[in-house]
Amino acid sequence: MTPTRVLTGITTTGTPHLGNYVGAIRPAIAASQDPSVEAYLFLADYHALIKNQNPDEVAQSSREIAATWLALGLDPEKTFFYRQSDIPEVTELSWVLTCSAAKGLMNRAHAYKAAVQANETAGEDPDYGITMGLFSYPILMAADILIFNAHRVPVGRDQIQHVEMARDIAQRFNHHYGETFTLPEAVVDDHVAVLKGLDGRKMSKSYGNTIPLFGQPKQLQKSINKIKTNLLEPGEPKETDDSTVFQIWCAFADEPERQQMRQAFAEGIGWGEAKKQLFERVNDELAPAREAYDRLMAAPEELEEILKAGAERLRPRSSALLETVRDAVGLRGYR
Ligand code: TRP
(Lines give C-alpha, C1' and ligand atoms only; values in the text may rest on other atoms or scores of the structure.)
Protein backbone atom coordinates (compact mmCIF):
# COMPACT_ATOMS: atom_id res chain seq x y z
CA MET A 1 0.00 0.00 0.00
CA THR A 2 1.34 3.47 -0.80
CA PRO A 3 1.59 5.61 2.31
CA THR A 4 -0.30 8.88 2.44
CA ARG A 5 2.06 11.66 1.47
CA VAL A 6 1.58 14.66 3.73
CA LEU A 7 3.47 17.78 2.71
CA THR A 8 3.78 21.26 4.10
CA GLY A 9 6.07 24.24 3.64
CA ILE A 10 7.30 26.87 6.05
CA THR A 11 8.07 30.27 4.59
CA THR A 12 11.46 31.24 5.96
CA THR A 13 10.85 34.76 7.17
CA GLY A 14 11.15 36.08 10.71
CA THR A 15 12.16 34.37 13.94
CA PRO A 16 9.93 31.60 15.33
CA HIS A 17 7.70 32.61 18.25
CA LEU A 18 5.48 30.82 20.76
CA GLY A 19 2.47 31.15 18.45
CA ASN A 20 4.31 29.32 15.64
CA TYR A 21 5.34 26.64 18.12
CA VAL A 22 1.88 25.95 19.53
CA GLY A 23 -0.07 26.50 16.31
CA ALA A 24 2.19 24.90 13.73
CA ILE A 25 5.50 23.38 14.81
CA ARG A 26 4.37 21.21 17.72
CA PRO A 27 1.37 19.68 15.89
CA ALA A 28 3.35 19.15 12.67
CA ILE A 29 6.16 17.33 14.47
CA ALA A 30 3.61 15.17 16.30
CA ALA A 31 1.86 14.39 13.00
CA SER A 32 5.17 13.53 11.30
CA GLN A 33 5.61 10.72 13.83
CA ASP A 34 2.55 8.85 12.52
CA PRO A 35 4.03 5.73 10.91
CA SER A 36 1.21 5.49 8.36
CA VAL A 37 2.18 8.74 6.65
CA GLU A 38 5.16 9.84 4.65
CA ALA A 39 5.86 13.37 5.88
CA TYR A 40 7.45 16.08 3.76
CA LEU A 41 8.42 19.29 5.54
CA PHE A 42 10.34 21.91 3.69
CA LEU A 43 11.72 25.40 4.09
CA ALA A 44 9.99 27.54 1.48
CA ASP A 45 12.96 29.80 0.90
CA TYR A 46 11.97 30.83 -2.63
CA HIS A 47 8.68 32.01 -1.14
CA ALA A 48 10.67 34.03 1.39
CA LEU A 49 12.10 36.15 -1.44
CA ILE A 50 8.62 37.45 -2.19
CA LYS A 51 8.36 38.90 1.29
CA ASN A 52 11.92 39.85 2.12
CA GLN A 53 14.65 41.18 -0.12
CA ASN A 54 17.29 41.60 2.54
CA PRO A 55 19.80 38.78 1.81
CA ASP A 56 21.22 38.57 5.32
CA GLU A 57 17.78 38.37 6.88
CA VAL A 58 16.72 35.71 4.38
CA ALA A 59 19.81 33.62 5.14
CA GLN A 60 19.51 34.06 8.90
CA SER A 61 15.83 33.22 9.03
CA SER A 62 16.30 30.04 7.03
CA ARG A 63 18.97 28.85 9.45
CA GLU A 64 16.95 29.77 12.52
CA ILE A 65 13.89 27.97 11.27
CA ALA A 66 15.84 24.85 10.29
CA ALA A 67 17.50 24.76 13.73
CA THR A 68 14.17 25.35 15.46
CA TRP A 69 12.39 22.38 13.90
CA LEU A 70 15.30 20.03 14.50
CA ALA A 71 15.78 21.24 18.08
CA LEU A 72 12.11 20.60 18.78
CA GLY A 73 12.42 16.99 17.76
CA LEU A 74 11.80 16.72 14.03
CA ASP A 75 13.53 13.51 12.99
CA PRO A 76 15.23 14.06 9.63
CA GLU A 77 15.64 10.28 9.20
CA LYS A 78 11.90 9.69 9.36
CA THR A 79 10.70 12.88 7.67
CA PHE A 80 11.78 14.41 4.40
CA PHE A 81 13.19 17.69 5.67
CA TYR A 82 14.66 19.88 2.93
CA ARG A 83 15.00 23.33 1.44
CA GLN A 84 12.82 24.20 -1.54
CA SER A 85 15.82 25.81 -3.25
CA ASP A 86 17.76 22.52 -3.06
CA ILE A 87 15.22 20.85 -5.35
CA PRO A 88 15.76 22.54 -8.75
CA GLU A 89 12.88 20.57 -10.26
CA VAL A 90 10.48 22.69 -8.20
CA THR A 91 11.26 25.83 -10.15
CA GLU A 92 11.34 23.93 -13.45
CA LEU A 93 7.91 22.53 -12.77
CA SER A 94 6.75 25.96 -11.68
CA TRP A 95 7.41 27.31 -15.18
CA VAL A 96 5.63 24.46 -16.93
CA LEU A 97 2.63 25.01 -14.65
CA THR A 98 2.81 28.76 -15.27
CA CYS A 99 2.17 27.99 -18.94
CA SER A 100 -1.07 26.20 -18.24
CA ALA A 101 -2.37 28.00 -15.13
CA ALA A 102 -5.07 30.55 -15.92
CA LYS A 103 -4.17 34.17 -15.25
CA GLY A 104 -7.75 34.74 -14.17
CA LEU A 105 -7.25 32.19 -11.41
CA MET A 106 -4.24 34.11 -10.11
CA ASN A 107 -6.20 37.38 -10.24
CA ARG A 108 -8.48 35.90 -7.60
CA ALA A 109 -5.75 35.04 -5.07
CA HIS A 110 -6.51 36.73 -1.73
CA ALA A 111 -2.93 37.87 -1.10
CA TYR A 112 -2.68 39.55 -4.50
CA LYS A 113 -6.15 41.07 -4.23
CA ALA A 114 -5.38 42.46 -0.79
CA ALA A 115 -2.22 44.14 -2.14
CA VAL A 116 -4.16 45.73 -5.02
CA GLN A 117 -6.88 46.84 -2.64
CA ALA A 118 -4.33 48.45 -0.34
CA ASN A 119 -2.86 50.37 -3.28
CA GLU A 120 -6.26 51.57 -4.40
CA THR A 121 -7.12 52.73 -0.89
CA ALA A 122 -3.82 54.62 -0.77
CA GLY A 123 -4.55 56.23 -4.12
CA GLU A 124 -1.57 54.48 -5.75
CA ASP A 125 -1.33 52.66 -9.05
CA PRO A 126 -3.03 49.27 -8.43
CA ASP A 127 0.19 47.37 -9.19
CA TYR A 128 2.44 49.58 -7.09
CA GLY A 129 5.11 47.44 -5.37
CA ILE A 130 3.59 44.18 -6.57
CA THR A 131 6.18 41.77 -7.98
CA MET A 132 5.49 38.93 -10.38
CA GLY A 133 6.62 36.72 -7.49
CA LEU A 134 3.67 37.83 -5.39
CA PHE A 135 1.31 37.41 -8.32
CA SER A 136 2.60 33.93 -9.23
CA TYR A 137 3.07 32.77 -5.64
CA PRO A 138 0.27 30.17 -5.86
CA ILE A 139 1.91 28.55 -8.90
CA LEU A 140 5.21 28.07 -7.08
CA MET A 141 3.24 26.63 -4.19
CA ALA A 142 1.42 24.29 -6.58
CA ALA A 143 4.82 23.10 -7.86
CA ASP A 144 5.94 22.41 -4.26
CA ILE A 145 2.93 20.21 -3.73
CA LEU A 146 2.68 18.51 -7.13
CA ILE A 147 6.38 17.70 -7.53
CA PHE A 148 5.93 14.95 -4.89
CA ASN A 149 2.30 14.19 -5.68
CA ALA A 150 1.26 15.00 -2.12
CA HIS A 151 -2.15 13.73 -1.03
CA ARG A 152 -2.67 15.97 1.96
CA VAL A 153 -1.44 19.48 2.70
CA PRO A 154 -1.87 20.71 6.30
CA VAL A 155 -2.15 24.49 6.27
CA GLY A 156 -3.62 27.43 8.16
CA ARG A 157 -6.96 28.87 7.03
CA ASP A 158 -5.27 31.62 5.02
CA GLN A 159 -3.61 29.02 2.80
CA ILE A 160 -6.63 26.91 1.86
CA GLN A 161 -7.24 28.91 -1.28
CA HIS A 162 -3.69 28.27 -2.46
CA VAL A 163 -4.06 24.51 -2.05
CA GLU A 164 -7.33 24.65 -3.95
CA MET A 165 -5.54 26.53 -6.71
CA ALA A 166 -2.87 23.81 -6.80
CA ARG A 167 -5.66 21.30 -7.22
CA ASP A 168 -7.21 23.36 -10.03
CA ILE A 169 -3.87 23.70 -11.79
CA ALA A 170 -3.22 19.96 -11.51
CA GLN A 171 -6.67 19.12 -12.80
CA ARG A 172 -6.30 21.38 -15.79
CA PHE A 173 -2.88 19.92 -16.60
CA ASN A 174 -4.17 16.34 -16.27
CA HIS A 175 -7.12 17.15 -18.49
CA HIS A 176 -4.97 18.60 -21.24
CA TYR A 177 -1.86 16.40 -21.09
CA GLY A 178 -3.12 13.20 -19.47
CA GLU A 179 -3.09 11.91 -15.88
CA THR A 180 0.12 13.24 -14.36
CA PHE A 181 -0.56 14.68 -10.93
CA THR A 182 -2.31 13.52 -7.78
CA LEU A 183 -4.99 16.03 -6.75
CA PRO A 184 -3.99 17.42 -3.34
CA GLU A 185 -6.34 18.22 -0.51
CA ALA A 186 -5.94 20.94 2.12
CA VAL A 187 -6.19 19.79 5.72
CA VAL A 188 -7.05 22.34 8.39
CA ASP A 189 -6.86 21.41 12.04
CA ASP A 190 -9.48 23.35 13.95
CA HIS A 191 -8.24 22.09 17.29
CA VAL A 192 -4.84 23.75 17.36
CA ALA A 193 -4.75 26.83 19.50
CA VAL A 194 -4.32 30.24 17.95
CA LEU A 195 -2.16 31.78 20.63
CA LYS A 196 -2.77 35.33 21.78
CA GLY A 197 0.10 37.79 21.85
CA LEU A 198 1.28 40.40 24.36
CA ASP A 199 -1.61 42.75 23.51
CA GLY A 200 -4.31 40.07 23.46
CA ARG A 201 -4.64 39.95 19.67
CA LYS A 202 -3.51 36.87 17.72
CA MET A 203 0.24 36.42 18.23
CA SER A 204 1.76 37.47 14.94
CA LYS A 205 4.90 39.07 13.65
CA SER A 206 2.81 41.63 11.79
CA TYR A 207 1.33 42.90 15.07
CA GLY A 208 4.72 43.05 16.82
CA ASN A 209 3.20 41.25 19.83
CA THR A 210 5.17 38.01 19.81
CA ILE A 211 7.11 36.07 22.42
CA PRO A 212 10.29 34.66 20.82
CA LEU A 213 10.63 30.91 21.16
CA PHE A 214 14.31 30.61 21.94
CA GLY A 215 15.24 33.85 23.60
CA GLN A 216 17.36 33.51 26.73
CA PRO A 217 15.33 32.80 29.91
CA LYS A 218 15.63 36.44 31.03
CA GLN A 219 14.15 37.60 27.72
CA LEU A 220 11.33 35.07 27.96
CA GLN A 221 10.55 36.27 31.46
CA LYS A 222 10.58 39.89 30.32
CA SER A 223 8.20 39.15 27.46
CA ILE A 224 5.81 37.26 29.71
CA ASN A 225 5.84 40.15 32.17
CA LYS A 226 4.68 42.40 29.32
CA ILE A 227 1.50 40.40 28.64
CA LYS A 228 -1.43 42.76 29.00
CA THR A 229 -3.74 42.08 31.95
CA ASN A 230 -6.49 44.00 33.71
CA LEU A 231 -5.92 46.01 36.89
CA LEU A 232 -7.32 43.54 39.40
CA GLU A 233 -5.25 43.27 42.58
CA PRO A 234 -4.01 40.07 44.22
CA GLY A 235 -6.87 38.58 46.21
CA GLU A 236 -9.51 39.67 43.70
CA PRO A 237 -11.00 36.74 41.71
CA LYS A 238 -10.04 36.80 38.03
CA GLU A 239 -11.74 35.60 34.86
CA THR A 240 -9.94 32.96 32.86
CA ASP A 241 -12.04 33.50 29.76
CA ASP A 242 -10.22 36.20 27.91
CA SER A 243 -6.98 36.14 29.84
CA THR A 244 -3.90 35.78 27.65
CA VAL A 245 -1.89 34.50 30.63
CA PHE A 246 -4.42 31.73 31.15
CA GLN A 247 -4.61 30.90 27.46
CA ILE A 248 -0.86 30.49 27.09
CA TRP A 249 -0.79 28.50 30.31
CA CYS A 250 -3.32 26.08 28.83
CA ALA A 251 -1.22 25.61 25.70
CA PHE A 252 1.65 24.31 27.84
CA ALA A 253 -0.09 22.65 30.78
CA ASP A 254 -1.78 19.27 31.17
CA GLU A 255 -5.37 18.92 32.34
CA PRO A 256 -4.72 18.82 36.13
CA GLU A 257 -2.48 21.89 35.84
CA ARG A 258 -5.20 23.71 33.92
CA GLN A 259 -7.64 22.93 36.72
CA GLN A 260 -5.16 24.17 39.31
CA MET A 261 -4.69 27.46 37.48
CA ARG A 262 -8.43 27.88 37.00
CA GLN A 263 -8.79 27.45 40.75
CA ALA A 264 -5.97 29.91 41.44
CA PHE A 265 -7.67 32.52 39.23
CA ALA A 266 -10.93 32.04 41.10
CA GLU A 267 -9.05 32.50 44.38
CA GLY A 268 -7.45 35.71 43.21
CA ILE A 269 -3.88 34.79 42.31
CA GLY A 270 -1.91 38.02 41.64
CA TRP A 271 -0.87 38.72 38.05
CA GLY A 272 2.78 38.79 39.05
CA GLU A 273 2.52 35.33 40.57
CA ALA A 274 0.52 33.91 37.64
CA LYS A 275 3.12 35.22 35.21
CA LYS A 276 5.93 33.79 37.29
CA GLN A 277 4.31 30.35 37.15
CA LEU A 278 3.67 30.75 33.43
CA PHE A 279 7.30 31.63 32.82
CA GLU A 280 8.47 28.58 34.76
CA ARG A 281 6.12 26.25 32.94
CA VAL A 282 7.03 27.52 29.46
CA ASN A 283 10.70 27.65 30.29
CA ASP A 284 10.69 24.06 31.60
CA GLU A 285 9.19 22.84 28.35
CA LEU A 286 11.52 24.84 26.13
CA ALA A 287 14.83 24.64 28.01
CA PRO A 288 16.09 21.34 26.54
CA ALA A 289 15.13 22.42 23.01
CA ARG A 290 16.77 25.80 23.55
CA GLU A 291 20.01 24.05 24.35
CA ALA A 292 19.74 21.95 21.19
CA TYR A 293 18.88 25.08 19.21
CA ASP A 294 21.91 27.01 20.46
CA ARG A 295 24.10 24.04 19.63
CA LEU A 296 22.72 23.76 16.07
CA MET A 297 22.98 27.50 15.45
CA ALA A 298 26.66 27.19 16.36
CA ALA A 299 27.11 24.24 13.95
CA PRO A 300 26.02 25.51 10.52
CA GLU A 301 27.87 22.73 8.70
CA GLU A 302 25.81 20.14 10.56
CA LEU A 303 22.56 21.90 9.61
CA GLU A 304 23.73 22.15 6.04
CA GLU A 305 24.49 18.46 5.89
CA ILE A 306 21.09 17.45 7.27
CA LEU A 307 19.22 19.61 4.76
CA LYS A 308 21.39 18.58 1.82
CA ALA A 309 20.85 14.92 2.73
CA GLY A 310 17.08 15.51 2.83
CA ALA A 311 17.14 16.96 -0.68
CA GLU A 312 19.43 14.22 -2.00
CA ARG A 313 17.02 11.54 -0.86
CA LEU A 314 14.23 13.24 -2.80
CA ARG A 315 15.96 14.22 -6.01
CA PRO A 316 15.36 10.82 -7.65
CA ARG A 317 11.62 11.35 -7.16
CA SER A 318 11.53 14.95 -8.31
CA SER A 319 13.68 14.17 -11.37
CA ALA A 320 11.47 11.23 -12.31
CA LEU A 321 8.36 13.36 -12.04
CA LEU A 322 9.90 16.11 -14.10
CA GLU A 323 10.87 13.61 -16.79
CA THR A 324 7.23 12.56 -17.04
CA VAL A 325 6.12 16.17 -17.20
CA ARG A 326 8.64 17.09 -19.91
CA ASP A 327 7.55 14.14 -21.97
CA ALA A 328 3.89 14.96 -21.45
CA VAL A 329 4.28 18.54 -22.72
CA GLY A 330 6.53 17.56 -25.63
CA LEU A 331 9.96 18.55 -24.38
CA ARG A 332 11.50 15.33 -25.67
CA GLY A 333 14.92 14.28 -26.85
CA TYR A 334 15.19 14.00 -30.64
CA ARG A 335 16.43 10.42 -30.73
N1 TRP B 1 2.60 29.67 1.50
C2 TRP B 1 2.75 28.92 2.71
C3 TRP B 1 2.66 29.87 3.91
O4 TRP B 1 3.02 31.02 3.79
C5 TRP B 1 4.07 28.18 2.75
C6 TRP B 1 4.15 27.20 1.65
C7 TRP B 1 4.90 27.32 0.52
C8 TRP B 1 3.46 25.97 1.58
N9 TRP B 1 4.74 26.22 -0.25
C10 TRP B 1 3.85 25.38 0.34
C11 TRP B 1 2.53 25.32 2.41
C12 TRP B 1 3.33 24.15 -0.06
C13 TRP B 1 2.04 24.09 2.00
C14 TRP B 1 2.43 23.52 0.77
O15 TRP B 1 2.25 29.46 4.97
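An oxygen atom of the ligand lies 3.1 Å from an N or O atom in the side chain of Thr 11, a polar contact in the sense of a pair of N or O atoms within 3.5 Å, where within protein one atom must be able to donate a hydrogen and the other to accept it, and residues adjacent in sequence count only if both atoms are side-chain atoms. The model is predicted, with local features needing pLDDT of at least 70, side-chain atom pairs counting only at pLDDT 80 or more, and totals for chains, interfaces and linings using all residues. Residues are numbered from 1 along each chain as its sequence is written, and side-chain values use heavy atoms, with hydrogens and water left out.

| Side chain | Ligand atom | Distance |
|---|---|---|
| Thr 11 | oxygen | 3.1 Å |
| Tyr 137 | nitrogen | 2.5 Å |
| Gln 159 | nitrogen | 3.0 Å |

Of the 370 Å² of accessible area that the ligand has on its own, the protein covers 90% (Shrake-Rupley method, 1.4 Å probe; for residues, only the protein chains shown count as cover).

A polar atom of the Thr 8 side chain lies 2.8 Å from the backbone oxygen of Pro 154.
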